[in-house]
Amino acid sequence: MNRIYIIIAFLVTVVTQATAQPRQIPENRERWKSELRSYKHDFMSRELDLSREQQSKFFPLYDQMEDSIEQINADTRELEKRIGDNATDIETEAAARALFEQKSREGQLELEYFDSFKTILTPRQLLKIKNAERQFMRRLMHHNRRMQNSRQ
């Protein structure tokens with residue numbers, strides 16, 4: 001009997017939180033994405049110590065790469081959603097393979113852009129890109145946790 005109460009309490013909590021969060025309409029999502037991208041540009045400019053000239057050449061390429069990676073992720077999620085319970089084993093295996101190959105496709109894309117980045121950035125700056133991305137994500141997650149804690 002206690003298990004039923006716990007399950008019901010859990011479901012009520014999940015549903016309450018899900019309905020309490022406002023749905024992002026496309027224009028708000030785009031504005032949020034634009035603000036986040038701007039903040040990331042500022043952060044990476046500082047971390048990589050980019051000159052104004054480097055910024056004007058690097059960020060259009062970097063944004064293009066990120067958009068392509070985002071598209072790979074969206075395509076993979078869409079494929080995962082399309083495979084239902086009625087799919088054959090062959091279709092399911094093909095979808096699973098695509099999911100496992102996602103990171104490989106992302107890596108290949110990054111290597112292609114690396115060659116373009118080499119013409120803009122110094123070797124030291126190239127070396128710092130991945131660390132700057134990780135630091136940015138850490139700060140973003142830390143900020144998100146603080147915001148969630150302040151709401152509670």
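The side chains of lysine 130 and glutamate 110 meet in a salt bridge, 2.7 Å from N to O; the term covers a side-chain nitrogen of Lys or Arg within 4 Å of a carboxyl oxygen of Asp or Glu. That pair links distant parts of the chain, with lysine 130 in helix α5 and glutamate 110 in helix α4, 20 residues apart. Helices here are DSSP runs (H or I, at least four residues), numbered from the N terminus. Keep in mind that this is a predicted model, where local features need pLDDT of at least 70 and side-chain atom pairs count only at pLDDT 80 or more, while totals for chains, interfaces and linings use all residues. Residues are numbered from 1 along each chain as its sequence is written, and side-chain values use heavy atoms, with hydrogens and water left out.

**Salt bridges**

- Lysine 130 is partly exposed at 36% relative accessible area, and glutamate 110 is partly exposed too, at 25%. On this scale, buried means under 20% relative accessible area, exposed means over 50%, and partly exposed is in between (1.4 Å probe, protein chains only).
- The structure holds 11 salt bridges.
- Another of them joins arginine 37 and aspartate 63, whose closest N and O atoms are 3.5 Å apart. Arginine 37 sits in helix α2 and aspartate 63 in helix α3, so this bridge ties together parts that are 26 residues apart in sequence.
- Arginine 37 is partly exposed at 21%, whereas aspartate 63 counts as buried at 12%.
- Shared partners join Arg37, Asp63 and Asp67 into one salt-bridge network.
- Glutamate 53 and lysine 57 also pair up, at 3.0 Å from N to O. They are 4 residues apart in helix α3, which puts about one helical turn between them.
- An α-helix has 3.6 residues a turn, so residues three or four places apart point the same way.
- Glutamate 53 is exposed at 51%, while lysine 57 is partly exposed at 45%.

**Aromatic rings**

- There are 7 aromatic pairs, counting rings of Phe, Tyr and Trp (its six-membered ring) whose centres lie within 6.5 Å; planes under 30 degrees apart count as stacked, over 60 as edge-to-face and the rest as tilted.
- For phenylalanine 43 and phenylalanine 136, the ring centres are 5.8 Å apart and the planes are at 50 degrees, so the pair is tilted.
- This pair links distant parts of the chain: phenylalanine 43 is in helix α2 (residues 26-48) and phenylalanine 136 in helix α5 (residues 123-151), 93 residues apart.
- Phenylalanine 43 and phenylalanine 136 are both buried.
- Elsewhere, ring pairs link Phe58, Phe59, Tyr62, Tyr113 and Phe117 into a cluster.

**Helix α4**

- Helix α4 (residues 89-118) has 30 residues and reaches 44 Å from its first C-alpha to its last, close to the 44 Å expected at 1.5 Å a residue. That expected span is 1.5 Å times one less than the number of residues.
- There is a kink of about 40 degrees in α4, centred on glutamate 101, where the bend is the angle between axes fitted to the seven residues ending there and the seven starting there.
- Buried residues of α4 are Ala95, Ala98, Gln102, Glu106, Leu109, Tyr113 and Phe117; what covers them includes α3 (52-82) and α5.
- Glutamine 102, in helix α4, counts as buried at 15% relative accessibility.
- Leaving aside neighbours within four places in sequence, glutamine 102 is in contact with Ile72, Asn73 and Thr76, where contact means heavy atoms within 4.5 Å.

Notes
Helix = DSSP H or I, 4+ residues; strand = E, 2+ residues; numbered from the N terminus.
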